[in-house]
Amino acid sequence: MSERTLVSQLQSREDGPVSVSGWVETVRDQKKVQFVILRDETGAVQLVNPATRPDPEASGQDADALALTALISELSTGTFLTVTGELKHDERVKLGGVEIKIRSLEIAASALPETPIAADSGLDKRMDWRFIDLRQRRNALIFRISTTLEHAMRSYWIERDYVELHTPKLMDSPAEGNAELFALEYFGDQTAYLAQSPQHYKQMAQAAGFGKIFEIGDVFRADPSFTSRHATEFTSVDAEISWIDSYEDVAAMQEELIATAFAAVKEKHGAEIEELFGQTIEVPTLPFPRIPLAEAREIVKARGYEIPRTDGDLDPEGERQVSAHVKETYGSDFVFVTDYHPEIRPFYHMRNAETGLTASYDLLYRGTEITTGAQREHRIDVLEAQALEKGLSLEGLAHYLDFFRYGVPPHGGFGMGLARVLMLMLGQDSIREVTFLFRGPTRLAP
């Protein structure tokens, strides 16, 4: 590779020769001078060229200068190129206080002159041309934030001796029931299912004696929802730990994980997030408030909203009302809603012997659920009874139930939607904005 200087490195370099590569963001082709804004993955810089125009009355015009001026005049937005020239620090230059006087310009790949999307294009149109949409500094920043967030979570776990797993995404039987599953042909007469959760495999790791595990990976839901927070393929952040006393051990680990990850994002990207998204990253104070579901429903009712659901769960507006109450009362963007009825929880959630409620929680962040967590039932006889109660076939769960026939320690864990966290952190209206390539009921491309 030839020596290339990133735009972010220019301010620290001395004046002199430099080579930069990126794509054309704008061209201002004035009579006497040409300006090109070149952007790379780290920022943007102003390029300048004193224009040399053809003059029939002038003799001995510089052919190279004429060719360079003509080439710049023809540049289209999105063209990828390499420029060599003279770097000059100049505080009058608004864009970073530096500019480069172009000496030579080499086009790597030209772009068509008409860009298919504009700043005011609708979300679906932008998703059609996502690779162009992501050239914007604001949109590209999302994925640097995501990288920092994931790295901080991984570091938290690895420093505490967790094992990272990569569980299969093809399964021979449903993980949590028959709903919301994508089925596909698998070598003739076999049917495979895309994993809607790594749940069973996380628990298998507890049976294997791994103790503490995590995974950040894709999951699939055949859910025909068109809401701003649903997708048919998304990244799930999962963890499972052994030898817990209650779901509180899981919740305490998760809130510490989130606080650690938010602190990393604030330190590295806080200023840019404030500039480009108008959001201040607040590192949450621990512990997060805990509110039993029954109390949460009473809070919602007292705020004047009647939850239309008949199963006893919160609906999206109910979640927003609970979060508003918590923000007003405790100053927290996060709240654990606990003690769910078994009818609205999976069969493998442990139940409290006294109340009959599940040892589980949902974590709400800024009015939206981002996590379900629980202590799991590890006693085989209880687990089988709860599966039958849910109308599930023990035969279909045979591989899963085998884990518990040979001993599993008390354990629990959670699953968290990465895109929802990013959406809410950055104040966006849809997870489409924070997903590299969104997949939904009507979108399979690009």
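User: What share of the contacts in the protein with a separation of 6 or more comes from residues 24 or more positions apart?

Analyst: Such residues account for 63% of those contacts, where contact means heavy atoms within 4.5 Å. A word on the source: this is a predicted model, in which local features need pLDDT of at least 70 and side-chain atom pairs count only at pLDDT 80 or more, while totals for chains, interfaces and linings use all residues. Residues are numbered from 1 along each chain as its sequence is written, and side-chain values use heavy atoms, with hydrogens and water left out.

User: Why is Asp-333 called buried?

Analyst: Buried means under 20% relative accessible area, exposed means over 50%, and partly exposed lies in between (1.4 Å probe, protein chains only). Asp-333 has a relative accessible area of 16%, so it counts as buried. Across the protein, 49% of the 446 residues count as buried.

User: Where is Asp-333, and which residues does it touch?

Analyst: Asp-333 sits in the loop between helix H8 (316-330) and strand S13 (334-338). Helices (H or I, at least four residues) and strands (E, at least two) are DSSP runs, numbered from the N terminus. Leaving aside residues up to four places away in sequence, Asp-333 touches Glu-282, Lys-327, Leu-364, Tyr-365 and Arg-366.

User: What makes the pair Asp-333 and Lys-327 a polar contact?

Analyst: A polar contact is a pair of N or O atoms within 3.5 Å; within protein, one must be able to donate a hydrogen and the other to accept it, and residues adjacent in sequence count only if both atoms are side-chain atoms. The side chains of Asp-333 and Lys-327 make such a contact at 3.1 Å.

User: Why does Phe-187 count as exposed?

Analyst: Its relative accessibility is 69%, so Phe-187 falls in the exposed class. Phe-187 is found in the loop between strand S8 (183-186) and strand S9 (190-194).

User: How do you know that S8 and S9 pair?

Analyst: Two strands pair if DSSP finds at least two bridges between them. Four bridges join S8 to S9, and the two run antiparallel. One example is Ala-183, whose bridge partner in S9 is Tyr-193.

User: Which sheet holds these strands, and what makes a strand an edge strand there?

Analyst: Three strands form an open sheet in the order S7-S9-S8, with antiparallel pairing. Strand S7 (170-171) and S8 are the edge strands, as each pairs on one side only.

User: How many helices and strands does the protein have?

Analyst: There are 11 helices and 16 strands.
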